[in-house]
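User: I have a chain open on my screen and would like to talk it through with you. Could you start with the overall layout and then go into the details?

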Amino acid sequence: EEGIPSLVRRQAGFDVPVGAWLAGPLRPWAEDVFSTARRVNDGVLDQQRVAAIWREHLTGRCDRGNELWAILMFQAWRAAQNGAPTLVAPAIIAGAA
């Protein structure tokens, strides 16, 4: 079937703007999670490395949103497992006040 265009198209996805959210509306929440993790530093994560990644992201040197999101979800999960108050991110809805 050479020369015949394919009628089947790959499904195209989209990126979630996690990096922009973490530098914008989720920044206070992320900073709270990171500061809580520093206070409870049990050696599971290298908190100095996490802080360096966070600074790098905030300065715009590199979009570390996906890495940071994984760290934040891990920290929130650990807090929940240890009976700490749930670290819930605020809702982000386009157009919401």
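**Layout and a helix pair**

Analyst: This is a predicted model, and the secondary structure of its chain comes to 4 helices and 0 strands. Read from the N terminus on, the elements run α-α-α-α.

User: What percentage of the residues count as buried?

Analyst: The chain has 97 residues, of which 28% count as buried. As for the contacts with a separation of 6 or more, 67% of them are accounted for by residues 24 or more positions apart.

User: OK, on to H3 and H4: at what angle do they pack?

Analyst: Helix H3, which covers residues 47-59, and helix H4, which covers residues 65-81, pack at an angle of about 135°, and their axes are 10 Å apart. Angles over 145 would count as roughly antiparallel and those from 65 to 115 as roughly perpendicular, so H3 and H4 are oblique to each other.

User: And is the crossing of H3 and H4 left-handed or right-handed?

Analyst: The crossing of these two helices, H3 and H4, is left-handed.

User: Which residues meet there, in H3 and in H4?

Analyst: From H3 the contact has Gln 47, Val 50, Ile 53, Trp 54 and His 57, and these meet Gly 65, Glu 67, Leu 68, Ile 71 and Gln 75 in H4. By type, the residues of this contact divide into 5 nonpolar, 4 polar and 1 charged.

User: Let's take Ile 53, then. Buried or exposed?

Analyst: Ile 53, which has its place in helix H3, counts as buried because its relative accessibility is 7%, where the cut-off for buried is under 20%. Leaving aside residues up to four places away in sequence, Ile 53 touches Arg 64, Glu 67 and Leu 68.

User: How far apart are the C-alpha atoms of Ile 53 and Gly 65?

Analyst: Those C-alpha atoms, of Ile 53 and Gly 65, are separated by 9.5 Å, and the two residues lie 12 residues apart along the chain.

Terms used. Residues are numbered from 1 along each chain as its sequence is written. This is a predicted model: local features need pLDDT of at least 70, side-chain atom pairs count only at pLDDT 80 or more; totals for chains, interfaces and linings use all residues. Side-chain values use heavy atoms; hydrogens and water are left out. Axes are lines fitted to C-alpha atoms, for helices over the stretch in contact, and angles run from 0 to 180 degrees between N-to-C directions. Angles under 35 degrees count as roughly parallel, over 145 as roughly antiparallel, 65 to 115 as roughly perpendicular and the rest as oblique. A crossing is left-handed if the near helix is turned anticlockwise from the far one by less than a right angle, and right-handed if clockwise. Contact means heavy atoms within 4.5 Å. Ala, Val, Leu, Ile, Met, Phe, Trp, Tyr, Cys and Pro count as nonpolar, Asp, Glu, Lys and Arg as charged, and the others, Gly among them, as polar. Buried means under 20% relative accessible area, exposed over 50%, partly exposed in between (1.4 Å probe, protein chains only).
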